[in-house]
Amino acid sequence: MHTQSTSSASATDLEALRRLTSGRFTCRAYLPKPVPNEVIESIVEIAGKTASWCNTQPWHLLVASAQTTERFRAALMEHAAQTSGIDPDLPFPEEYRGAFAERRRDAGYRLYETLGIERGDKDRRAAQSFENFRLFGAPHVAIVTMPAELGPYAAVDCGAFIGAFLLAAHAHGVSTSPQAALAQHAKFIRAHFGIGDERLMVCGISFGYAQADHPVNGFRTGRAPQDQLMRIV
Ligand SMILES: Cc1cc2nc3c(=O)[nH]c(=O)nc-3n(C[C@H](O)[C@H](O)[C@H](O)COP(=O)(O)O)c2cc1C
């Protein structure tokens with residue numbers, strides 16, 4: 001049987017991990033340049049190492065090439081512009097309260113501030129929000145789905161996979177936008193790509209090369225202090 005030796009973490013590994021986790025950010029403006037297939041394959045290969053319950057690996061990615069993304073973008077923008085309600089596969093939060101509402105509001109306001117959008121400017125806020133359906137101009141989108149039969153823990157596994165995908169992409173110099181906004185139109189998107197209802201859409205990930213000089217890509221979020229996320233007893 002083939003076994004691999006376990007090596008303890010090295011300082012270099014830790015440094016690299018810190019650099020990657022601190023350097024990644026959600027990109028919201030892309031260059032049109034496509035990402036080579038070898039790079040996409042390497043990102044997915046690394047993300048595929050993610051742990052999952054019983055090693056079920058319930059994630060599946062439908063990755064759109066640049067051409068397919070263009071057709072999808074046009075169809076999604078048309079659909080979203082004409083549709084008022086949401087139609088997700090996984091239930092969306094009904095309300096954000098307390099610290100969650102605060103963090104959400106703070107991130108939103110600061111994003112708009114970066115773009116010079118006044119708090120009361122509903123039109124520009126709506127236009128920025130609609131950028132989600134333009135996939136922020138990204139040349140690619142991945143649709144993340146999970147088997148309906150496996151229930152919430154498969155969504156946990158998919159979340160871990162998504163996290164690894166974002167970091168692996170960043171390590172390749174590829175920027176990413178995880179997007180639950182796309183899951184608002186899950187049924188439309190699954191129908192567009194021929195994904196049956198035996199799978200549930202978790203979210204989309206738009207990706208490509210960041211437009212470095214776009215102000216929106218200068219926006220960085222903070223994180224809650226450790227005592228809000230951990231209690232050692
Ligand atoms: C599952 C998931 C869904 C998200 N959905 C959206 C989205 O629909 N639109 C968006 O602009 N950002 C979305 N984000 C990005 C978050 O807003 C972002 O990760 C958070 O504000 C922290 O910022 P950072 O990614 O730049 O560190 C999503 C992130 C995750 C993990």
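## Strand β2 and its partners

Let's start in the sheet of this predicted model. Strand β2 and strand β4 (residues 199–208) run antiparallel and are joined by eight bridges. One place to look for this pairing is H140, which stands opposite F207 in β4.

Strand β2 also pairs with strand β1 (residues 60–63): the two run antiparallel, with four bridges between them. Here L62 has I143 in β2 as its bridge partner. How many of the eight residues of β2 are buried? Seven are, so to speak, under cover, and the strand, which spans residues 140–147, is mostly covered.

Helix α2 covers residues 37–47, and its buried residues are I40, I43 and A47. Viewed down the axis of α2, these buried residues fall within an arc of 60°, so they line one face of the helix.

What do the buried residues of α2 pack against? Their partners are β1 and α6 (152–171). On the face turned away from the buried side, you will find the exposed residues N37, E38, E41 and E45.

## Around the ligand

Which residues surround the ligand? They are F25, T26, A107, N132, P178, Q179, A180, A181, C203 and T221. Sorted by class, this shell has six nonpolar residues and four polar ones, with no charged residues.

## A look at Q67

Q67 lies in helix α3, which runs over residues 66–82. Is Q67 buried or exposed? Q67 has 10 C-beta neighbours inside 10 Å, and a residue with 12 or fewer is exposed, so Q67 counts as exposed.

## The whole protein

Stepping back, the protein has seven helices and four strands. Along the sequence they follow the pattern α-α-β-α-α-α-β-α-β-α-β. The radius of gyration is 19 Å, close to the 17 Å that the globule rule gives for 233 residues, so the protein is as compact as a globular protein of that length. Its C-alpha trace spans about 60 × 40 × 40 Å along the principal axes.

Of the 233 residues, 24% count as buried. Among contacts between residues at least 6 apart in sequence, 85% join residues at least 24 apart.

How values were computed
Residues numbered from 1 in each chain as written. Predicted model: local features only at pLDDT ≥ 70, side-chain atom pairs only at ≥ 80, totals over all residues. Buried ≥ 20, exposed ≤ 12 C-beta atoms within 10 Å, placed from the backbone. Pairing = 2+ DSSP bridges. Arc of directions from axis to C-beta. Contact = placed C-beta atoms within 7 Å. Near = placed C-beta within 6 Å. Nonpolar A, V, L, I, M, F, W, Y, C, P; charged D, E, K, R; others polar. Rg over C-alpha atoms; globule rule 2.2 N^0.38 Å.
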